[in-house]
Amino acid sequence: MATFTAQAHPNIAFIKYWGNRDNSLRLPVNGSISMNLDGLFTRTTVTFHSAGQDSLTINERAVTGKGLERVSSILDLVREMANIQECAEVSSTNNFPAGAGIASSAAAFAALALASSRAAGLSLSETQLSRLARRGSGSASRSIPGGFVEWRMGSGDGDSLAVSIAPPEHWQLTDCIAVVNAAHKKTGSTEGHAIAGTSPLQAARVADTSRRLEICRTAILNKDFEAFANIIEHDSDMMHSVMMTSTPPLMYWQAATVGIFHAVREWRAGGIPAAYTVDAGANVHVLCPSGQVEAVRKRLSELPGVSEVLVAGVGGPARLI
Ligand code: DP6
């Protein structure tokens, strides 16, 4: 059988996905919006062969146990669709530094969905690929289409999928990722989604989602940085409020994380367009118009607790290479 290699970018969420209404199908309680991160990618090669069992390597290291099971569950869906029984050899590499705290599951499952479906002889549409990637990691549904992307929560498995709302060239926006050294091991997002509903704030956050989605979508379409900045900070703060008030509580922020929030708001008040958002970790993603990158990157690298600043523009869709 043929071998296929696919490449996908990670993404940064502007309106966050937090909590599922169905954990096994990864049907979210709210829609979300993100941008793909150009220059950062996962490349995954898949070959189906008859003998043995599924195997997985990530950055040349063999992976077994839970990590392999999660990949095999996507391969099972592909085998079912293609009506084949063969096992697969999967090898995956990331070009972004391990331990930089950039979620790799979005890029990984988007690349896996594309490479494995093609290797099995299927030719899936973008929406079918987005649904398939979603089953591996919710945010991976958003790494299938290019540019600025919205994952519509949908009414069920058939229509919970992501679509591009604007191509990469629509708006020259850059993500400056301030890497903050996390002092302790974080709880993964899968465990976090499962306890989101224990926070009394989650219901209010979910009920308010269509308002935030609308403001964010419109800000992106109009390239209105001020409106964009206000809504992404607000949404990130809302998600972290839910995390902090869950049982057990999740506190991803470090002192340096909060230091960056204050600095970014000061810069913006002083006329430098920049806005922060944080996923399930301590690192801060600082968005700015691409013309401001040098100023923002320099200022971030001078803040206490920032060990490195990675820079990424708006990325394209998952593709075969
Ligand atoms: C905070 O997609 O990583 O980054 O489906 O369990 O893999 P799983 O969760 P994941 O959750 C992402 C959470 C987030 C917000 C977001 O990306 O929307």
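**How the helices meet**

Let's start with α7 (residues 225-244) and α8 (residues 255-269), two helices whose axes come within 13 Å and cross at roughly 160 degrees. Angles over 145 degrees count as roughly antiparallel, so that is what α7 is relative to α8. Their crossing is left-handed. Keep in mind that you're looking at a predicted model.

Who does the touching here? On the α7 side you'll find F225, E226, A229, N230, E233 and D237, and they meet V264, R265 and R268 of α8. Sorted by class, the residues of this α7 and α8 contact come out as five charged, three nonpolar and one polar.

From α1 come R70, V71, I74, L75 and V78, while α2 brings S105, F109, L112, S116 and S117. That contact of α1 with α2 holds six nonpolar residues, three polar ones and one charged.

α1 also has a meeting with helix α3 (residues 126-136): the two axes come within 8 Å and cross at roughly 145 degrees. Here too α1 makes a right-handed crossing. The residues in touch are R70, I74, L77, V78 and M81 on α1, together with L132, R135 and G136 on α3. By class, you get five nonpolar, two charged and one polar in this α1 and α3 contact.

Technical notes. Residues numbered from 1 in each chain as written. Predicted model: local features only at pLDDT ≥ 70, side-chain atom pairs only at ≥ 80, totals over all residues. Heavy atoms only, no water. Axes fitted to C-alpha atoms, helices over the stretch in contact; angles between N-to-C directions. Helix = DSSP H or I, 4+ residues; strand = E, 2+ residues; numbered from the N terminus. Left-handed = near helix turned anticlockwise from the far one by under 90°. Contact = heavy atoms within 4.5 Å. Nonpolar A, V, L, I, M, F, W, Y, C, P; charged D, E, K, R; others polar. Parallel < 35°, antiparallel > 145°, perpendicular 65-115°, else oblique.
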